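Dear colleague,

I am passing on the structure below, and I would be glad if you could look it over alongside the notes that follow it.

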Amino acid sequence: MGRTVTVATCALNQWALDFDGNLARILKSIEIAKYKGARYRLGPELEICGYGCSDHYYESDTLLHSFEVLAKLLESPATQDIICDVGMPVMCRNVRYNCRVIFLNKKILLIRPKMILANAGNYRELRWFTPWSRARFVEEYFLPRMIQEVTGQETVPFGDAVLATKDTCLGSEICEELWAPNSPHIEMGLDGVEIFTNSSGSHHVLRKAHTRVNVVNSATAKSGGIYVLANQKGCDGDRLYYDGCAMISMNGDTIAQGSQFSLDDVEVLVATLDLEDVRSYRAEISCRNLEASKVNSYPRIKVNFALSCSDDIYVPICEPIQWRYHSPQEEICLGPACWLWDYLRRSNQAGFLLPLSGGIDSSATACIVYSMCRQVCLAVKNGNQGVLADVRRIVNDETYTPEDSQEFCGHIFTTCYMASENSSQDTYNRAKLLAEQIGSYHINLNIDVAVKAIVGIFSMVMGRSPLFRVYGGSSRENLALQNVQARIRMVLAYLFAQLSHWARGMPGGLLVLGSANVDESLYGYLTKYDCSSADINPVGGISKTDLRSFIQYCMENFQLTALRSIISAPPTAELEPLADGQVSQTDEEDMGMTYTELSVYGKLRKMAKAGPYSMFCKLINMWKEICTPREVASKVKHFFRMYSINRHKMTTLTPAYHAENYSPDDNRFDLRPFLYNSTWSWQFRSIDKQVSNLESKEGKPVLEDVD
């Protein structure tokens, strides 16, 4: 009868401009899909060139090489007898489009351009592409000669159309189109399209998976259908980590779930579904059928091919499943770890170096590297030959096989405790014990000689010696003496990263890891060009609150008992003199606010688009049980003063794993000035006026200066 269809979707770890690697991964996914019985294969957005090409999309080379890869795909025996749906940029009439190229048996069936582009947050698609604005319109596209020679076609359909096979109808969406309020699948479904496909380049953010799954399932819950989602995975050369999560849904239920975090470069998800389930689901939705009778039809590309076979009555059908979500702590454990692995293996370095202070942030970074080592060992144990080959290349040993995560950690991870006269014995002990438990190669050193040399040069030239505040120095002297310690640590980190393997008789250099969290970056509670200035930072997009939860998770799941004392200690930079051997400086006291408050400010500033006055208005309600309006005003004004004074530091932030939607990442995600009038005179007067009004209504005396 021909009612069951088998479709495949993919999560591929593509790399921007890696045309050889991208082609190999696409072909492998098609071969796996065919082996599993699929008659249709969907891949991620712009998979041929890699999604993150950015301004390379302007280059004619990117278009040329994409078509050259397409020609290889068309010629390959692997692509025969299966509908292949691949993504690449295409220029039509001198306009560049983000397209799906759908082909079968060396014939291109349709080039479908993206109609709704992603242009917010991390996405700048309107910078490089133009949306196809002619709904339900198709024109003839003249193929390049290299493609004509393979297909024998001079022109192919280009535009907004659907495919009509012998047994069903398929319609394409591309990433952002699923998230839009006027998604194409709505009208396509009313026009009889039964299978919707979506090729995505959707990045990971903590707690985002729920939203993505709900959006996919709701696409078919109202009026039925099958929804097939493909996604990019891995680090393709930037701050983002694409988290896979390929999925297949039908009539509002999840049918197949791909992994969210994996070291597999190619993951193929296949499901067999009954088209009659879609038809019967739609049959009783009278409002849907009434609307369907009035819809304008899509152009249909007839395809002499079926996704089902005639004798399929005994073919087993896939049943709905319950989606398994990761907790935020698991996401932190797995996402940045996979991102680090891609960065390490693709940068051709020999490992990482981390300045390990014994505090929460650097300890969380160390735990993420340890998690990466665990994931690598597990992948090798499960037979992943690609991961094993990368490991052997990184450690420069063709016979090496990682079996124990601590032992592997010792090969690729160096930690370094950089003590000064202001460092406590407690942080020294915490760093040392954690390094022992995760297996890193650990170095202890003292920076006092270098610090005194630098300060001595200044004193010799200027004739004055700066003092810490506790010894009678000014705030400027105090800050300068803190900063020179921090900057010396940065210089030493890079020196040891370049030469520590050489000194140990091992080849290769190390990538320096940073560990400033997203809240510290937002406030600017860091020294410009100190240890925050690293090669990459796996925790730079994660809040202090989430990092504390992650430390707790690692303590319980990795049996790292050293974390117990780390999580209980107050955060401190240890840059000022100790008091009787004990830390006298804490982060929250220095900042004049708590990390919890900082997270709230960050979310309101970025996600709620709140300036000083709007933030004050929101917080007087949010904090009405704990703060008076006057206290709220003081807190908001203090935050904006410090944020604006330190905003220039965002221009030098280490590239960090993007995990929060309130990240202050300059010129990538958070486009704001870095030179402000830090008095915020107009804005603060508006707050003062509102406080006075509130206090006068409550019968309290009105003070002239709210701050």
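**What was found in the chain**

Buried residues make up 58% of the 707 residues in the chain. Please keep in mind throughout that this is a predicted model.

To begin with the overall form, a compact globule of 707 residues would have a radius of gyration near 27 Å, and the value of 29 Å for the chain agrees with that. The C-alpha trace spans about 90 × 75 × 45 Å along its principal axes, and the secondary structure comes to 24 helices and 20 strands. Of the contacts in the chain with a separation of 6 or more, 74% are accounted for by residues 24 or more positions apart. As for the surface, the chain exposes about 29200 Å², of which carbon and sulfur atoms supply 52%. There are 71 positive and 81 negative side chains, and the centres of these two sets lie 3 Å apart.

The next region to consider is the one around strand β13, which covers residues 247-250. Met247 and Ser249 point one way from this strand, while Ile248 and Met250 point the other way, and all of them are buried. On one hand, β13 pairs with strand β11 (residues 226-234) in the antiparallel sense over 4 bridges, and in this pairing Ile226 stands opposite Met250. On the other hand, β13 pairs with strand β14 (residues 253-257), again in the antiparallel sense and over 4 bridges, with Ser249 standing opposite Thr254. β13 and β14 form a hairpin with 2 residues between them, and Asn251, which lies in the turn, has a positive phi of about 50°.

Two further residues deserve a look for their backbone angles, given that most residues other than glycine have a negative phi. Cys245, although it is not a glycine, has a positive phi of about 60°; its place is in the loop between β12 (242-243) and β13. Cys245 counts as buried because its relative accessibility is 3%, which falls under the 20% cut-off. Gln559, also a residue other than glycine, has a positive phi near 55° and is found in the loop between α18 (544-557) and α19 (563-568). With a relative accessible area of 55%, Gln559 is exposed, since the cut-off for that class is over 50%.

Elsewhere in the chain, 4 strands form an open sheet in the order β19-β18-β17-β20, and the pairing is parallel. β19 (441-446) and β20 (511-512) stand at the edges and have a single partner strand each, so one side of each is left without a neighbour in the sheet. Within this sheet, strand β17 (residues 352-355) is joined by 4 bridges to strand β18 (residues 413-419), the two running parallel, and Phe352 stands opposite Phe413 in β18.

Finally, there is Lys452, which is found in helix α15 (residues 448-462). Lys452 is exposed, its relative accessible area being 55%. Lys452 and Arg641 are 189 residues apart along the chain, and their C-alpha atoms are separated by 33 Å.

Conventions: Residues are numbered from 1 along each chain as its sequence is written. This is a predicted model: local features need pLDDT of at least 70, side-chain atom pairs count only at pLDDT 80 or more; totals for chains, interfaces and linings use all residues. Side-chain values use heavy atoms; hydrogens and water are left out. The radius of gyration is taken over C-alpha atoms; the globule rule is 2.2 Å times the number of residues to the power 0.38. Buried means under 20% relative accessible area, exposed over 50%, partly exposed in between (1.4 Å probe, protein chains only). Contact means heavy atoms within 4.5 Å. Accessible areas come from the Shrake-Rupley method with a 1.4 Å probe; for residues, only the protein chains shown count as cover. Lys and Arg count as positive and Asp and Glu as negative; His and the chain ends are not counted. The place of a charge is taken as NZ of Lys, CZ of Arg, CG of Asp or CD of Glu. Two strands pair if DSSP finds at least two bridges between them.
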